[in-house]
Structure formats: structure tokens, C-alpha cells
Amino acid sequence: MNPVLEWWARGEVLAFDCLFRADGTAREAEFDGPEHLRLELGDPVDVAELAAEPSSGEPDLSLNSETELPDGRGYLQCGDGGLGHLGFIARLGPDRELVWLLTTSTGNPFLRATVEWPSAHFVNDWGSTLTLDLTDPEYAAP
């Protein structure tokens, strides 16, 4: 099993700003802070290198919201980690298998997920909203 699926299976919220894919790849995810929640994806990340770092995850995943995608496309989840500033968003397939996991140490915990296909909206604990286009190749399911 690749590190991304191992972290997910253990319920770890990662203290990295990354978009992780179930295939074990990742890209940097730069948030401009919890107030505005602008997101920019950056360079690829070496997941094996991250996995080799000590304490790469926080095993206190707390699911705050789950919403079903239309037409059996799967689910979206969001929540937080145990440190108060960690947040995550996950897209799951129809069988609840992980598609991708977006983690942030600067966007704060996400409290609510809603969908107006193809847009998904995630509200953090500051009341700020991040909107993702689920048809964008970065956030679509394979």
C-alpha cells in the first residue's frame, strides 16, 4: 500500500499543505490563510520523502461533514486534525475508496461541505469558503 492510502487508513490528518492522490502522487497546495482560502496547486511532491519524516501525520482525524455527490459519483468529506489548525478535504469514489486528499496546515479545519454540481463548497471555522470545480482534472475522479 502506498503512503497516502496508509495515512488515510490510519485516519491521519497530515501536517502538510498538499493534494494527495490515491495513486501515491502529490502536489503542493498553497493556501493564503484561513480568511480568504485562495488555493494554488504547485510542484509535485515526493510522497516517499514525506513518509520518511518523523511524525508526518496527526492520528486525530475528525470528520465534520460528508455529502454525497449526485448520480452515484461518490462522496466528499471534510474535517480537522487534533492540533486545531489542520484541515482536510477528501473525495471518495462510489465505494468509498479514496480518490484524493487535500490537507492544509494554514486553511484551518473545514466544518461543512456542500455541492452544487460541479462546484463543491467547503466552509472553514473562520466562515470562509473554498470552492472547487469537481470537473477540473485536478479534482475529478478517474
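Reader: Over how many bridges do β10 and strand β11 pair, and in which sense?
Author: In this predicted model, strand β11 covers residues 119–124 and pairs with β10 in the antiparallel sense. Within this pairing, Ala-113 stands opposite Phe-122 in β11, and two residues lie between the strands of the hairpin that β10 and β11 form. The count of bridges between β10 and β11 is six.

Reader: Which are the edge strands of the open sheet?
Author: The open sheet is formed by three strands with antiparallel pairing, in the order β10-β11-β12, and its twist averages 20° from one strand to the next. An edge strand here pairs on one side only, and this holds for β10 (110–116) and β12 (129–133).

Reader: Which element gives the most to the largest nonpolar core?
Author: The largest nonpolar core has 20 residues, and those with the most contacts inside it are Ile-89, Trp-100, Leu-102, Phe-110, Phe-122 and Leu-130. Two or more residues come from each of β3 (26–31), β7 (75–80), β9 (98–104), β10, β11 and β12. The element that gives the most, with three residues, is β9.

Reader: How many residues has the other core, which lies apart from the largest one?
Author: In the largest core, Ile-89 is one of the residues with the most contacts, and, not counting residues up to four places away in sequence, Ile-89 touches residues including Trp-100, Phe-110 and Phe-122. Apart from this core lies another, which has Val-4, Trp-7, Tyr-75 and Leu-101 among its members, and its number of residues is 17.

Methods. Residues are numbered from 1 along each chain as its sequence is written. This is a predicted model: local features need pLDDT of at least 70, side-chain atom pairs count only at pLDDT 80 or more; totals for chains, interfaces and linings use all residues. Side-chain values use heavy atoms; hydrogens and water are left out. Two strands pair if DSSP finds at least two bridges between them. Helices (H or I, at least four residues) and strands (E, at least two) are DSSP runs, numbered from the N terminus. Axes are lines fitted to C-alpha atoms, for helices over the stretch in contact, and angles run from 0 to 180 degrees between N-to-C directions. A nonpolar core is a set of buried Ala, Val, Leu, Ile, Met, Phe, Trp, Tyr and Cys residues joined through side-chain atoms within 4.5 Å. Buried means under 20% relative accessible area, exposed over 50%, partly exposed in between (1.4 Å probe, protein chains only). Contact means heavy atoms within 4.5 Å.
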